[in-house]
Each structure stands twice: as structure tokens, then as C-alpha cells.
Amino acid sequence: VRTPITMPQLGETVAEGTVTRWLHAVGDTVRAQEALLEVSTAKVDTEVRSPVSGTVLEILVFEDTTVAVGTVLALVGEQDNALVPGTPAHAPPTPINLPAPTGTKLAGVISAVPAVVDDAARHRHSPRVRRLAIEKGVALEPVIGTGPGGRVSPEDVLRAVTAADQPVAVLTDEPARVPEPMRGSAALREMQETVTRVTPTEGESDRREPMSPLRRVVAERVVSSLQTTAQLTTVVEVDLTRVVALRERMKDDLERRTGVRLTLTAFCAMAALEALRLHPLLNASIDQDGHTVVYHASQHLGVAVDTPCGLVVPVLRDAGDLNLLGLARQIAEVAQRARTGRAGPDELTGGTFTLINTGCRGALFDTPILNPPEVGILSTGAVVERPVVLRHDGDYAIAIRSMAYFALTYDHRLVDGAAAARYLATVKARLETGEFAAEL
Amino acid sequence: MAEVTYRDAVARGIAQEMARDDRVVLIGEDIAGAGGVFKTTVGLLEQFGPKRVVDTPIAEQAILGAAMGAAMTGLRPIAEIMFSDFFAVCWDLVANEIAKTRYMTNGQVTLPLVIKTGNGGGLRFGAQHSQSVENWAMAVPGVKVVTPSTPLDVVGLMAAAVRSDDPVLFFEHKGLYASKGEVPDGEIVDSLGTAAIRRPGTNATILALGLMVPRALGAAEQLAGRGIDAEVIDVRSLVPLDTTTILGSVSRTGRLFTVEENPRLLGWGAEIASIVAEECFWDLDGPVHRITTPHIPLPSADSLEDMVIPSADAVATTVEKALQS
């Protein structure tokens, strides 16, 4: 009996996953529920366990290969004489973008493997496109293909020449080096030499490595966010003196009693969530049709967490229903899960508003990037003690106060500056009162 | 300038050369009294007499043997093999004798000889009378291979073939005999080894030969309506091959399609695909596609024959699909 090990469905919207590491080789004996390999998806990194005890008979997908959910990754079962241990299948699965081979069909077990969604396939370039890129001094990887299947067309290359400040000068200093027309292997060698001169900033000792799957996801999303929304950032200064004092007074006792460490982030989250109820426009999104506003009944708060692998934004479902202590507890829990790579896949989507603490490394403020379809993201800067002019009963005084900048990035398609400022004013007022004792 | 059928153009081209040079003679089955089984030699017996227009028994080896001997001894014969399929019964003379003589005599004996033949399908003649065998011919070093697709080219290329000092296999397409085209008055002489761009275009290069030329042009018209500007090249001459025109076109369009009536394996398009892969690989913007008859004997039934020989629709579909993937 051979049991197929398939790429698991990790979250509702996940269509593919990457094999990051095989923990066993062909011929190894595995026990039921023993981890067999590690996979990475757009949402989560996890281990895939063997459902049965047996021998790893075949490994069908190589490391760093992305395959569709359900793809057979390996076969585990009783040792079969026909299968020689230690010889993984050599033929990789058919990439999905390749036209179906005519005449011949891949035989045997490989043909049972669903097509691969190979990111690399999108970056295959025709000889003509490659040559054009070299002639024009255009780096192909960043060029967005508008041809069939996302292929880079010769026209895309020419557009890239006019659009970008490519290092054309590197080539034009010796135009005769690019033969016209180029023919034969001598020309190929020459092209390869030219390639190295196209990227003048890269030295021999430079290191190249592929971006991690998470990095690629983050990269795609931030670019997509900036390209599809109209982002504007408004900043206010918030006096957190009272909140800081309250926290100092309460935190040790609270931690002893409840095990929860009270953080400033929890206060900020509380104020941000309360303000969302007063300003529902910030807890809305634009429907995919582009002209319908969806006002979300619940507040699902994304909390940006810096992890060793990069930025992750776990979501607190129904965060608006939590009190201060609940927020502090749950933020700590999801942050911990995110940092250790154990956040569940559906824990990483579905937010309606995001909170990010820019200040934990001392930064005063930044202009955060929206996490669409959300229309608001609030970034809290470092809390610093600063001399501040206060007015009380018509008199002015200078005092040392705990101050922080709060920056709200919003989607100007839906939210105007005035609405953003009103929201920030509510957050500011809520925190400056410092009246959270009832929450504790 | 007159509108002339392809079949009449054959006779006209032969007559032009026979009138010009009395060393030119015509020999074959039913070419004299009957005017040719496809009526491509009508009037030649009357015009040039039985000494220069000679009927033979049904014996292809005798025809080619006589023609070869005549060429070796000072005449410039045109021999007809009625159906190109029948080359199989006299191939020793073509491949081993006619093609090799100039080489084996160190150039002392040349063979100024044209072998004209009715080639190709579409006329419901079945597996033994419909084949496209020009790729047999181009596989033999020592012969030139030409296939006209228009009446004008028939006249001009026949004249060029007769004037060649080396043997030329002249493939007329049986399916084109009834087609018509303008042919100017006066002497017409073309040159061997030249292709003709029938329709200039920018998005794809479609190479075709013989009957496939009008079909490729039909496909290009369809494609134009779908936003694809295809260039159609009539290859005309397989040996020598006009690589300048072909590679120049592929360099411009980045896409190559061959439309071949021959069965798929080792068709002429395979050789051109190979040359293109070697000579202008860096200009290609996609895979080369060959649109051919499958590797099967041709059926007699009209519906089946129409299904297997490349049609304008099939060409258009293939090109469109390839450009969209």
C-alpha cells in the first residue's frame, strides 16, 4: 500500500504551497504523525506529517518548488522491490504554464501529479526578449509582462526602456560590443559578457539568494497596495502621560494577579477600536466592484508583528468586543504565535483595521502602508519625554510630558483628510484622558 | 497581360523555352497527342512537332533514362513524370544517376534537365496519386527543387529551370492547375532559389509551398480580422533555399509557422525550423509551429482528405493560439 502525501490546504484561500525542506529522504522509515517535510504558503509555514507508518518510497517534489494544493509530494508505504531506495524521482512535475506536450505524455506516477504553479515560469523569456533586453540594457526581472500568461513581450521591454532609468550608458559607452545581428555561439558568449555589464553595481563577492516565500508575499502585497489605493497619511501628537502613569501603577500587580502584562499597545488598540465605532468609515472597505462601500459590523484588528522572517499581521477577531485586559492578553498571544511561526492560516486574514507599533525601536513616526481592502492603518511612534506647553485655566506652563506621534494612513478614495483628522482627534482625546481604570 | 490558368502557364513556359532554344525537347506519357493527362502540354506537339515533343510508353525509367542520355549528349530535355508518386519507380535514376553525374565526372558532364511532375493532393486521387514528395527530392544532394504556386511563377520558374545547367525537379501542384492569374505578355524568366513575400506582415511569418500558399493567405486574411498581421512567404524553391528572405522575415516577426502538405515527419518545414533555430534563435519570440498533414497515407474520401490536409482555418487557429500563449 502506498499512501500519497499531498500539499495540504492551509487556509481557505490558499491555492499553493512551497516545499521548503524535506526532513526525510527516500528509504527512511517514518512513524505515523512524524513530521515528513516543511511547507510554506502565503499564509503560514508548517510541517506536513506522515499519516501512516512506513518507508518513504518516493519524493516527487523538490525543495523550493511551489505546487498546487493537493499535489502529491511523496509516497509512503511498504518497501517495494521495484523501487530502489535513495533515488528520488528525477522528472519534476510539469509546470502549469507550459503548453501541453503534443504527441507524448509523461508516463507513470508523474502524470498523476497535478500541474505546478511555478512562479519561475512567469519569468521565462523568449530569446527575442532576452536579446532585446541585453541590447537595451534592461533588467528583465522587474519588467511586468503584459503578454499572454503574463509573459514579457518585446513591447514590454521597449516600454521599460522609455519608462525607467536603466543603466543604458553602460552599454552605450561601447555600442559596437553588441553585434547586429547577433548570430551563433560567439554572439552568445558576447551576450553573456554583456549581461554582467548590465548590472554594474554587482561585484564578485556579492551574495545572491532567493527571497523567502514570506518575503515575496510581503513584497507583492505592499506594491499592490500602493498601486491600487490612494494613500495619504495624517499625523497627530498624543500626550500619553496619564496612560503611561496608569500603566506603571497597575502593571506589576495585574501581571501577578492575571498573568497578563499590560502594554501601551493595548491602550492604543482600545482607543483605536473605540474610535472606529464612532467613525465607521475607517472600519469600512471598498467592494471589489469599486463603487460600493462595505461598513463592517465588527472590528477585526490586525496587529503588525515583527518576526525573524519578516512582517506578519495576525488578526484579532471581534477585537472591538474585548476589554483592555483581553486586548493585552490576546495581542501578546497572537504576537507570540506569529513570532514562532505558529499563527494559524486564517488568523492572518480578515482584518478591518490595522495597528502597528513603529515606536518600539525608537522611531518617531512613519507612513504605514495600507493592508487592502482595509482603508485605515494606525501607526504609533516612540513615546518620548518632551517639554510641552500646557494651558490650564488660561495660564501657560511648560511641563515634561510623555509624547508620541500617531500616524494614520487612509485610503483617500473613501476617507477624506477631515474624516481622518476627526478619527485621530477621537483617539488622541481618549488616550489623553487616561481614564481606563474602569477597564481594569 | 492576360489571365492564364496554372495548367496553361505550364505549356506557355515550355513553349517559351522551346521557341528560344531548339535543344529543348519534351518527353513523357501522353504529353504529345493527348496534350498531357492534366492538359499542361496542349498545343506543343502542333507547334514544335513530333521530333521535339515525344510520347513514351508507360515506363518512367525509360523516360528518365532517355532524358538523362539526351541531356548528357547536348539536348536540354524536359521530362514529365505524370504523378510525382511515380518517382518511386524511377528513383534510382534521379537519386543515383541524374543527381550524381556532374559530381562523379568532376564537372565534365552536366545534366541540363528538367523533370516536371504533378504533385500533391486535394483531388481525391487516393494514397498512391496524391502525395507531396518534394521532401524526397530535397533529401538528395545534386538536384534543385522548385514548386510554383501561381501561373506567373510557373512560366518564370520553368524558364529558369530549363536554363539551369543542373537537374531541376519541377513540382506542379495538381490542385492548382485550374487556378488563374495574370501573366504579362513577352518573355518571362524568374530565378531559382528565391522565395516571394506574398503578404507583408509584422506579427508572424507563415511559410507555405504550392497549394498551401493560397490557404496561408486565406488564413492571414482571417487573422487580420482578429488583429494579427501575418506575413506570408511563398517558399517556391526548396533547393536552393532562400534563407535570406526567410530568416529576414523571422527576424522581424519573431514567430515562424510552416504550412506543409507533406506528411509530418521530415517535411521541408522541419529543415527550415532547424535552420531558424540555429541562425535566428535570438530573434524568436516563441516556439516554431509546423502545420502539416499528419504522418499518414492520404485518404480518397473527400471529407477525410479535407480533414487531414492543412486548411486556412487550421492555419489561422494554430497561429492565433500560438500568439496567445
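Among contacts in chain B between residues at least 6 apart in sequence, what percentage join residues at least 24 apart? The figure is 82%. This comes from a predicted model.

Start with the make-up of chain B. The chain has 325 residues, and 56% of them are buried. Its elements are 12 helices and 14 strands.

Now look inside. The largest nonpolar core holds 58 residues. B:Ile206 and B:Val319 have the most contacts within this core. Helix H7 of chain B, residues 151-163, supplies the largest share of the core, with seven residues. Next, pick out B:Val319. Another core lies apart from the largest one and has 49 residues. Among them are A:Val238, A:Leu254, A:Ala269 and A:Tyr410.

Turn next to a pair of helices in chain B. Helix H9 covers residues 243-253, and helix H10 covers residues 268-279. Their axes come within 11 Å and cross at roughly 60°. Angles from 65 to 115 degrees count as roughly perpendicular, and those under 35 as roughly parallel. H9(B) and H10(B) are therefore oblique to each other. Their crossing is right-handed.

Which residues make the contact? From H9(B) come B:Thr243, B:Ile246, B:Leu247 and B:Val250. H10(B) brings B:Ile272, B:Ile275, B:Val276 and B:Glu279. By class, six residues of this contact are nonpolar, one is polar and one is charged.

Terms used
Residues are numbered from 1 along each chain as its sequence is written. Chains are lettered from A and ligands numbered from 1 in the order in which they are written. This is a predicted model: local features need pLDDT of at least 70, side-chain atom pairs count only at pLDDT 80 or more; totals for chains, interfaces and linings use all residues. Side-chain values use heavy atoms; hydrogens and water are left out. A nonpolar core is a set of buried Ala, Val, Leu, Ile, Met, Phe, Trp, Tyr and Cys residues joined through side-chain atoms within 4.5 Å. Buried means under 20% relative accessible area, exposed over 50%, partly exposed in between (1.4 Å probe, protein chains only). Helices (H or I, at least four residues) and strands (E, at least two) are DSSP runs, numbered from the N terminus. Axes are lines fitted to C-alpha atoms, for helices over the stretch in contact, and angles run from 0 to 180 degrees between N-to-C directions. Angles under 35 degrees count as roughly parallel, over 145 as roughly antiparallel, 65 to 115 as roughly perpendicular and the rest as oblique. A crossing is left-handed if the near helix is turned anticlockwise from the far one by less than a right angle, and right-handed if clockwise. Contact means heavy atoms within 4.5 Å. Ala, Val, Leu, Ile, Met, Phe, Trp, Tyr, Cys and Pro count as nonpolar, Asp, Glu, Lys and Arg as charged, and the others, Gly among them, as polar.
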